[in-house]
Amino acid sequence: MTSEGSILIEGEPSSIHFVGLVIPKLTEAHTRRVCDKNGTVEALYEPGGERPGKYSDHYWLTRYQVVGDSLVRFVSHCFEESTYDSPSTGKPKQTTILSGLRLLS
(Lines give C-alpha, C1' and ligand atoms only; values in the text may rest on other atoms or scores of the structure.)
Protein backbone atom coordinates (compact mmCIF):
# COMPACT_ATOMS: atom_id res chain seq x y z
CA MET A 1 0.00 0.00 0.00
CA THR A 2 1.25 3.49 -0.80
CA SER A 3 1.33 6.34 1.69
CA GLU A 4 -1.67 7.86 -0.18
CA GLY A 5 -3.75 4.72 0.38
CA SER A 6 -3.43 3.26 -3.11
CA ILE A 7 -2.52 -0.39 -3.63
CA LEU A 8 0.61 -1.50 -5.48
CA ILE A 9 -0.11 -4.78 -7.29
CA GLU A 10 2.57 -7.11 -8.60
CA GLY A 11 1.94 -8.30 -12.16
CA GLU A 12 3.76 -10.49 -14.63
CA PRO A 13 7.49 -11.11 -14.12
CA SER A 14 9.88 -9.18 -16.35
CA SER A 15 13.11 -10.57 -17.72
CA ILE A 16 16.23 -9.51 -15.86
CA HIS A 17 18.40 -10.69 -18.77
CA PHE A 18 19.77 -9.12 -21.94
CA VAL A 19 21.09 -11.59 -24.55
CA GLY A 20 21.74 -14.12 -21.78
CA LEU A 21 23.42 -11.71 -19.35
CA VAL A 22 21.83 -10.69 -16.05
CA ILE A 23 21.25 -6.95 -15.72
CA PRO A 24 23.41 -5.91 -12.72
CA LYS A 25 21.65 -5.08 -9.43
CA LEU A 26 18.39 -6.81 -10.47
CA THR A 27 17.32 -9.91 -8.57
CA GLU A 28 13.74 -9.83 -9.86
CA ALA A 29 11.47 -7.49 -11.79
CA HIS A 30 7.72 -7.33 -12.39
CA THR A 31 5.12 -5.20 -14.05
CA ARG A 32 3.45 -3.15 -11.32
CA ARG A 33 0.21 -1.24 -11.21
CA VAL A 34 -1.11 1.21 -8.67
CA CYS A 35 -4.86 0.99 -8.06
CA ASP A 36 -7.24 2.98 -5.89
CA LYS A 37 -9.45 1.24 -3.32
CA ASN A 38 -12.03 0.53 -6.07
CA GLY A 39 -9.50 -1.20 -8.31
CA THR A 40 -9.16 1.62 -10.83
CA VAL A 41 -5.64 1.71 -12.26
CA GLU A 42 -3.92 4.99 -11.40
CA ALA A 43 -0.46 4.15 -12.76
CA LEU A 44 1.17 1.31 -14.69
CA TYR A 45 4.88 0.45 -14.56
CA GLU A 46 5.85 -1.97 -17.32
CA PRO A 47 9.21 -3.18 -18.57
CA GLY A 48 10.47 -1.41 -21.64
CA GLY A 49 13.26 -1.35 -24.15
CA GLU A 50 14.28 1.60 -26.24
CA ARG A 51 16.54 1.38 -29.25
CA PRO A 52 17.89 4.80 -30.28
CA GLY A 53 17.80 4.03 -33.99
CA LYS A 54 16.64 1.40 -36.47
CA TYR A 55 20.16 0.02 -36.97
CA SER A 56 21.49 0.69 -33.48
CA ASP A 57 23.08 -2.14 -31.53
CA HIS A 58 22.49 -0.67 -28.10
CA TYR A 59 19.36 -0.42 -25.98
CA TRP A 60 18.04 1.29 -22.88
CA LEU A 61 16.13 -1.31 -20.83
CA THR A 62 13.71 -0.31 -18.07
CA ARG A 63 12.63 -2.64 -15.27
CA TYR A 64 10.80 -2.18 -11.94
CA GLN A 65 11.63 -3.83 -8.61
CA VAL A 66 10.49 -3.25 -5.03
CA VAL A 67 13.54 -2.59 -2.87
CA GLY A 68 12.77 -2.33 0.83
CA ASP A 69 9.76 -0.01 1.08
CA SER A 70 10.24 1.60 -2.36
CA LEU A 71 9.34 0.93 -5.98
CA VAL A 72 12.50 1.53 -7.97
CA ARG A 73 12.94 2.04 -11.73
CA PHE A 74 16.14 0.50 -13.13
CA VAL A 75 17.38 1.82 -16.49
CA SER A 76 20.33 -0.06 -17.97
CA HIS A 77 22.35 0.69 -21.11
CA CYS A 78 22.99 -2.61 -22.92
CA PHE A 79 24.98 -3.52 -26.03
CA GLU A 80 24.55 -6.39 -28.44
CA GLU A 81 27.50 -8.57 -29.41
CA SER A 82 28.37 -6.53 -32.51
CA THR A 83 29.37 -3.50 -30.42
CA TYR A 84 32.48 -4.70 -28.61
CA ASP A 85 32.68 -8.36 -29.76
CA SER A 86 30.72 -9.41 -26.68
CA PRO A 87 27.39 -8.27 -25.28
CA SER A 88 27.32 -6.17 -22.13
CA THR A 89 24.82 -4.86 -19.64
CA GLY A 90 25.53 -1.64 -17.80
CA LYS A 91 24.93 -0.97 -14.13
CA PRO A 92 21.42 0.50 -14.07
CA LYS A 93 20.57 4.00 -13.02
CA GLN A 94 18.11 3.64 -10.14
CA THR A 95 15.26 6.07 -9.52
CA THR A 96 12.78 5.74 -6.66
CA ILE A 97 9.24 6.00 -8.04
CA LEU A 98 7.24 5.37 -4.84
CA SER A 99 8.51 5.26 -1.27
CA GLY A 100 6.99 4.47 2.10
CA LEU A 101 5.25 1.31 0.84
CA ARG A 102 3.75 -0.92 3.49
CA LEU A 103 2.14 -4.34 3.51
CA LEU A 104 -1.63 -4.58 3.73
CA SER A 105 -2.74 -6.07 7.01
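**Entry 1: Ser 70.** I looked for Ser 70 and found it in strand E8, which covers residues 70–79. A reminder to myself before going on: this is a predicted model. Is Ser 70 buried or exposed? Its relative accessibility is 10%, and buried means under 20%, so Ser 70 counts as buried. I then checked its side chain, and a polar contact of 3.3 Å joins it to the side chain of Asp 69. Setting aside neighbours within four places in sequence, I listed the contacts of Ser 70 as Gln 65, Thr 96, Leu 98, Ser 99 and Leu 101.

**Entry 2: the largest pocket.** Leu 101 turned up again when I went to the largest pocket, as one of its lining residues. I noted about 190 Å³ of space there. Which residues line the largest pocket? I wrote down Met 1, Ile 7, Leu 8, Arg 32, Val 66, Gly 68, Leu 101, Arg 102, Leu 103 and Leu 104. By type, I have 7 nonpolar residues, 1 polar and 2 charged in that lining.

**Entry 3: strand E4 and its partners.** Next I moved to strand E4, residues 30–35, and found 5 of its 6 residues buried. Which strands pair with E4? One is strand E1, residues 7–13, which runs antiparallel to E4 over 5 bridges. Strand E5, residues 41–45, also pairs with E4 in the antiparallel sense, over 4 bridges.

I followed Val 34 across the pairings. Val 34 of E4 is the bridge partner of Leu 8, and in E5 the bridge partner of Val 34 is Ala 43. Leu 8, I see from my pocket entry, is also among the lining residues. For Arg 33 I found Leu 44 as the bridge partner in E5.

Then I looked at the hairpin of E4 and E5, where 5 residues sit between the strands.

Entry 4: I went back to strand E1 for Glu 12. Is Glu 12 buried or exposed? The relative accessible area of Glu 12 is 61%, and the cut-off for exposed is over 50%, so I put it down as exposed. Beyond its neighbours within four places in sequence, Glu 12 is in contact with His 30 and Thr 31. I also took a distance: 9.9 Å separates the C-alpha atoms of Glu 12 and Pro 47, which are 35 residues apart along the chain.

Ser 14 was my next stop, in the loop between E1 and strand E2 (17–18). Its relative accessible area is 10%, so Ser 14 is buried. Again leaving out neighbours within four places, I found Ser 14 in contact with Ala 29, His 30, Thr 31, Pro 47 and Arg 63. His 30 and Thr 31 are on the contact list of Glu 12 and on that of Ser 14 too.

**Entry 5: the whole chain.** To finish, I stepped back. I counted 1 helix and 10 strands, in the order β-β-β-β-β-β-β-β-α-β-β along the sequence. Of the 105 residues, 32% are buried. How many of the contacts between residues at least 6 apart in sequence join residues at least 24 apart? My note says 45%.

Notes: Residues numbered from 1 in each chain as written. Predicted model: local features only at pLDDT ≥ 70, side-chain atom pairs only at ≥ 80, totals over all residues. Heavy atoms only, no water. 1 Å grid on protein atoms, 1.4 Å probe; cavity = no way out; pocket = protein on both sides within 12 Å on 5 of 7 lines; lining within 4 Å. Points joined across faces, edges and corners; volume = space filled by probe spheres on them. Nonpolar A, V, L, I, M, F, W, Y, C, P; charged D, E, K, R; others polar. Helix = DSSP H or I, 4+ residues; strand = E, 2+ residues; numbered from the N terminus. Buried < 20%, exposed > 50% of the residue type's maximum accessible area, 1.4 Å probe, protein only. Polar contact = N/O pair within 3.5 Å; in protein donor to acceptor, adjacent residues only side chain to side chain. Contact = heavy atoms within 4.5 Å. Pairing = 2+ DSSP bridges.
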